[in-house]
Every structure is written in structure tokens, then in C-alpha cells.
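The sequence and the structure are shown first.

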Amino acid sequence: MTPQEETVILEAREILGRYLNRNPALTSWAAVCDYCALTVRGPEERFHVLYLDRKNRLISDERMAVGTVDHVPVYPREVIKRALILGASALILIHNHPSGDPTPSEADLSMTKEIQKGCRFLGLTLHDHIIVGAGYEVSLRGLGKM
């Protein structure tokens, strides 16, 4: 990636971030996916969580971990702990697959189920886990995996 392309990507991230923060609620799935794709895309796996209030307004986009080309460590306890600290009511998990193939791995599915169990127990809503690939995203909810 050229320095000019990196600058354009950073500017696009800022614009989408401002758009999501100004909107009263995350009602446009396309905008959420666009934001996710720009936020986590890169040469290493990145794991973010969008923490939302009761009306699905964005409280915070938190980068929880950066990993290697094919793995990112995710600790369900830390994801849920942060939700409680922020006073969030709902979450959207996001990570990328630098290989370009957003097909969920068994580890992705297992980790999502662990976070989902913790959320259910504490009265939090896990809306989705979005995996970003090369040019498209996969929703685990959309795949029926949640």
C-alpha cells in the first residue's frame, strides 16, 4: 500500500466514524459494514468491538487485540468486562481475515459462542460477529451461526 493510499484509508475511517457517531442509532447495516471493513482491514488480524447503548447508538469502537497474519487472541472475559465498564447494552464483534477469505474458522465460532453465553448471562445483546475479507464481509448471524 502506498503512503497516499494509507492517507485516504485513514481519512475514510474518520469520515465513517463521524457518521456513525452523529447518527442517533446504527440503523444502516451497509454503513456498519463499510465502517467495519475500513476499521479492521490490514496485513494482520485485528479484533474490534462496537459497544452500543439501549437504542443501538455507538458508545465506543474498541480495538481489543491485534494479532498475526492468521490469528488474533480474543479474551471473552475482557470483551464483556469492557461492556460493563462502558455501560453498554449491546455489542457487535468485528475482525478481519488478512487472507481475504472471510469464512469463519472453528476458533471464530467457538469464541463467538463463549462471548454470546457471557452476554446472555449478564443481560447484554450480541447483535453479530462480522468477519471482513477482501472486498466483502460475512455476518455470523446471517450465516445462522449465532
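Which residue in S3 stands opposite leucine 50? In this predicted model, leucine 50 stands opposite isoleucine 92 in S3.

**Strands**

Strand S1 has a partner in strand S2 (residues 58-66), with which S1 pairs in the antiparallel sense over seven bridges, and another in S3, with which S1 pairs in the antiparallel sense over six bridges. Towards S2, leucine 50 stands opposite aspartate 61. The hairpin of S1 and S2 has five residues between the strands, and in this hairpin asparagine 56 takes a positive phi near 60°.

In a regular strand, side chains alternate between the two faces of the sheet. In S1, Arg46, His48, Leu50 and Leu52 point one way, whereas Phe47, Val49 and Tyr51 point the other way, and the residues of both sets are all buried. The strand is accordingly described as mostly covered, with seven of its seven residues buried.

In soluble globular proteins, nonpolar side chains tend to be buried together. The largest nonpolar core of this model has 17 residues, of which Phe47, Val79, Leu91, Leu93 and Ile115 touch the most other members. At least two residues of this core come from each of strand S1 (46-52), helix H3 (76-86), strand S3 (90-96) and helix H4 (106-122). A second, separate core consists of 14 residues, including Val32, Ala90, Ile130 and Val132.

Leucine 91, one of the residues named for the largest core, has contacts that, with residues up to four places away in sequence left out, include Val49, Leu50 and Tyr51, together with Val79, Ala83 and Cys119. Leucine 91 also touches the residues Leu124, Thr125, Leu126, His127 and Asp128.

Helix H2 (residues 29-40) has 12 residues and reaches 16 Å from its first C-alpha to its last, which is close to the 16 Å expected at 1.5 Å a residue. Among the buried residues of H2 are Ala31, Val32, Cys33 and Tyr35, as well as Cys36, Ala37, Thr39 and Val40; Val32 is also included in the second core.

Proline 3 is found in helix H1 (residues 3-22) and counts as exposed because its relative accessibility is 65%, where exposed means over 50%. Proline 3 and proline 98 are 95 residues apart in sequence, and their C-alpha atoms are 19 Å apart in space.

Side chains of opposite charge can pair when their charged atoms come close.

Arginine 46 counts as buried because its relative accessible area is 15%, where buried means under 20%. Lysine 81 and glutamate 78 both lie in helix H3, three residues apart, about one turn of the helix; lysine 81 is partly exposed at 44% relative accessibility, and glutamate 78 is partly exposed with a relative accessible area of 35%. In helix H4, lysine 117 and glutamate 114 are separated by about one helical turn because they are three residues apart. Lysine 117 counts as partly exposed at 48% relative accessibility, and glutamate 114 is partly exposed with a relative accessible area of 39%.

Methods: Residues are numbered from 1 along each chain as its sequence is written. This is a predicted model: local features need pLDDT of at least 70, side-chain atom pairs count only at pLDDT 80 or more; totals for chains, interfaces and linings use all residues. Side-chain values use heavy atoms; hydrogens and water are left out. A nonpolar core is a set of buried Ala, Val, Leu, Ile, Met, Phe, Trp, Tyr and Cys residues joined through side-chain atoms within 4.5 Å. Buried means under 20% relative accessible area, exposed over 50%, partly exposed in between (1.4 Å probe, protein chains only). Helices (H or I, at least four residues) and strands (E, at least two) are DSSP runs, numbered from the N terminus. Contact means heavy atoms within 4.5 Å. The expected span of a helix is 1.5 Å times one less than its number of residues. Two strands pair if DSSP finds at least two bridges between them.
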